[in-house]
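Have a look at the sequence and the structure first, then read on.

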Amino acid sequence: MTKRIFRSIFYVSLLLIVSFSLVLLAFLSEYTENAQQKSMYLEITYLQQGLEMQGISYLEQLPKSQQRLTWIGADGTVLFDSVADVNQMENHLQREEVQEALQSGTGESTRISKTLAEKTDNVAVRLQDGSVMRISQTTWSAGSILLSMMQPFAVLFALALVLAGVLAGKTSKNITKPLENVDLEYPEQAEVYDELSPFLRRIAVQKKMIAKQVREQQQRQKEFYAITTNMQEGLLVLDTKGDVLSCNQAALQILGVTEETKKEKVYVWNRSEPFRDCIQQALDGKHSETMLEQKGKVYKMLANPVLEDMLVAGVVVLLFDHTEKADGERLRREFTANVSHELKTPLTSISGFAEIIKNGMVQPQDIPHFANNIYTEAQKLISMIQDIIQLSKLDETADTMQMQSVDLAEIVETVCNRIQEPANKQNISLDLHIEQAWIQGVPSILEEMVYNLCDNAIRYNKKGGSVTIIIQQTETEVKLFVKDTGIGIPLEEQDRIFERFYRVNRSRSKDIDGTGLGLSIVKHGVKLHHATILVESETEKGTQFCITFPKKKENDAISNLCN
Ligand code: ADP
């Protein structure tokens with residue numbers, strides 16, 4: 001901008017200087033010419049008077065001057081000339097100024113030399129005797145004056161150039177300086193030309209608007225980042241070419257993306273066909289779903305097209321951890337198969353015994369024995385069905401069960417009352433080291449859990465053995481130990497005892513009745529109460545189960561007691 005202003009001012013000032021000089025020159029030359037002509041007329045008037053009074057002697061005694069004097073007779077013959085020999089001179093009758101003077105009394109003419117270097121002005125007057133007196137003055141022509149003044153002109157022009165340059169530079173700087181000093185951070189505070197004030201005010205308003213929009217944008221970005229970062233689910237946003245526009249940490253972890261592969265296309269992140277197809281379908285504008293297996297886990301993948309003006313502008317992919325659900329489905333399938341199998345065994349026995357009795361193949365004195373067998377198998381069936389119902393309840397309604405403050409010691413006492421008789425039968429002693437311990441729980445489930453552990457401790461015990469139940473508590477935890485001196489569980493089996501229908505070494509425990517569901521119920525209960533369970537066991541020495549519950553806060557316990 002400064003350059004443009006500089007150029008404009010420079011050219012204008014140069015044009016002004018040059019035109020002013022030319023006009024001045026023209027005016028000066030006009031003025032000098034007029035002054036010269038006036039002096040020539042004045043002089044010729046004096047000459048005319050002298051000549052008419054004294055004759056040719058007047059002319060002859062005049063000193064030599066720059067002006068040429070010529071006296072021409074009425075017929076054009078040259079009678080006197082201050083410069084040339086009259087005899088050598090041609091007739092002057094046809095000269096322009098002579099003709100004019102003869103006709104009107106005065107005449108004048110200007111003649112330019114052949115070289116254009118000189119100009120001769122002639123002024124002529126008619127005398128009383130009809131002759132003509134003429135004065136001629138030769139001066140430089142305007143061209144030659146200009147030519148001769150070329151050098152000073154060049155110097156003047158150069159000076160004018162410099163002057164115009166300096167002036168233009170200063171003026172343009174003065175004009176642009178206030179603009180350069182405008183602080184765009186605070187445009188409304190700038191002191192510039194009044195004409196610019198509305199413009200600067202508008203900049204200030206727009207600046208505020210932009211700052212607000214940027215803040216909002218940053219806030220939205222922060223929120224989006226916070227949400228996606230804390231999401232357990234993997235999130236990917238892809239463009240139409242399958243390039244990743246955005247993704248959260250969970251997605252990178254699920255797909256096992258490293259820093260190197262991060263820059264690659266999404267298809268490189270997972271080369272499996274279901275992954276590709278799922279994305280491709282979304283790019284074709286359709287919602288698609290698939291299952292992905294990654295590092296032993298199962299993920300549900302959902303891909304949705306992002307539409308803009310009915311065209312696919314990208315794809316949003318979500319990855320959910322589906323392992324638990326998939327495992328659950330698998331377990332349910334296995335459970336159904338196991339239930340059918342486990343129910344079939346006692347039912348077959350019952351049906352067999354009943355058939356023998358029906359066919360009259362049993363002696364009357366043996367009937368009570370067979371009836372007892374049928375009763376025992378039916379009891380097995382009942383207890384298995386009860387366990388299955390209990391497990392189903394835990395599966396289906398765990399989320400909706402109402403937790404309340406429960407004193408674990410009370411639960412243990414209730415259970416001990418239930419198992420006292422079977423313990424007595426086996427000559428097993430019950431040792432209790434318990435104290436009041438409040439936890440959050442579902443009383444019926446807790447009782448079932450403690451009962452299953454104590455029942456196992458008696459059933460898998462040896463005659464004359466013992467079962468010890470301990471409650472220990474810290475600031476944050478309540479621990480329940482159920483210890484026995486029984487047959488123990490081999491180390492390699494300890495991981496599996498919580499599986500549904502799993503029974504250790506069936507041949508070894510075939511004499512001990514059981515459904516293989518007791519510890520599964522315990523495990524579910526543990527999960528429901530946000531607790532953990534540990535087993536320590538040594539074959540032929542005994543087993544210890546320890547459940548660690550998170551402790552209910554003191555305040556809650558007190559308020560509970562007051563209630
Ligand atoms: P069950 O109805 O067969 O007792 P559980 O689920 O309660 O089913 O137990 C699973 C298996 O774990 C049992 O069959 C048994 O072999 C073993 N087990 C459980 N508790 C004990 C224990 N206290 N001592 C030895 N073995 C045990």
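Which helix does alanine 204 lie in? Alanine 204 belongs to helix H6, residues 197-230; helices (H or I, at least four residues) and strands (E, at least two) are DSSP runs, numbered from the N terminus.

## Ground rules

This is a predicted model, in which local features need pLDDT of at least 70 and side-chain atom pairs count only at pLDDT 80 or more, while totals for chains, interfaces and linings use all residues. Residues are numbered from 1 along each chain as its sequence is written, and side-chain values use heavy atoms, with hydrogens and water left out.

## Back to alanine 204

Alanine 204 has a relative accessible area of 9%, so it counts as buried (buried means under 20% relative accessible area, exposed over 50%, partly exposed in between, with a 1.4 Å probe and protein chains only). Skipping neighbours within four places in sequence, alanine 204 is in contact with Pro187 and Glu188; contact here means heavy atoms within 4.5 Å. Glutamine 189 sits 15 residues away along the chain, and its C-alpha atom is 9.5 Å from that of alanine 204.

## The ligand and its shell

Now for the ligand. It is surrounded by 18 residues, and the closest are Asn456, Tyr460, Arg503, Thr515 and Leu519; a residue is near a molecule if one of its heavy atoms lies within 4 Å of it. By type, the shell splits into eight nonpolar, seven polar and three charged residues. In that count Ala, Val, Leu, Ile, Met, Phe, Trp, Tyr, Cys and Pro are nonpolar, Asp, Glu, Lys and Arg are charged, and the others, Gly among them, are polar. Helix H13 (443-459), helix H14 (518-528) and strand E17 (542-550) each bring at least two residues to the shell.

What about polar atoms? Arginine 503 has a polar side-chain atom 2.6 Å from a ligand oxygen, and asparagine 456 has one 2.8 Å from an oxygen atom of the ligand. Threonine 543 places a polar side-chain atom 3.5 Å from a ligand nitrogen. On its own the ligand would expose 530 Å², and the protein buries 98% of that (areas by the Shrake-Rupley method with a 1.4 Å probe; for residues, only the protein chains shown count as cover).

## Helix H14 and the cores

H14 also has a story of its own. Eight of its eleven residues are buried, so H14 is largely enclosed by the rest of the structure. Among the buried ones are Leu519, Val522 and Val526. The cover over them includes helix H11 (367-397), H13, strand E16 (532-538) and E17. Just after H14, histidine 530 adopts a positive phi of about 55°.

The largest nonpolar core has 53 residues, and Leu480, Phe545, Ile547 and Phe549 have the most contacts inside it. A nonpolar core is a set of buried Ala, Val, Leu, Ile, Met, Phe, Trp, Tyr and Cys residues joined through side-chain atoms within 4.5 Å. Beyond its neighbours within four places in sequence, isoleucine 547 is in contact with residues including Met449, Leu480, Val522 and Val526. A second, separate core of 22 residues includes Leu236, Ile279, Leu283 and Leu319.

## Polar spots elsewhere

Asparagine 270 is in the loop between helix H8 (266-269) and helix H9 (273-283). Why does it count as buried? Because the relative accessible area of asparagine 270 is 6%. Its side chain makes polar contacts with the side chains of serine 272, at 2.6 Å, and glutamine 294, at 2.8 Å. A polar contact is a pair of N or O atoms within 3.5 Å; within protein, one must be able to donate a hydrogen and the other to accept it, and residues adjacent in sequence count only if both atoms are side-chain atoms.

Threonine 120, in strand E4 (residues 118-126), has a side chain joined to that of threonine 138 by a polar contact of 3.2 Å.

## Two loop residues with positive phi

Lysine 295 is not a glycine, yet its phi is positive at about 45°. It is in the loop between strand E8 (288-294) and strand E9 (297-308), and counts as exposed at 67% relative accessibility.

Asparagine 427 has a positive phi near 60°. It lies in the loop between helix H12 (408-425) and strand E12 (429-433), and is exposed, with a relative accessible area of 57%.
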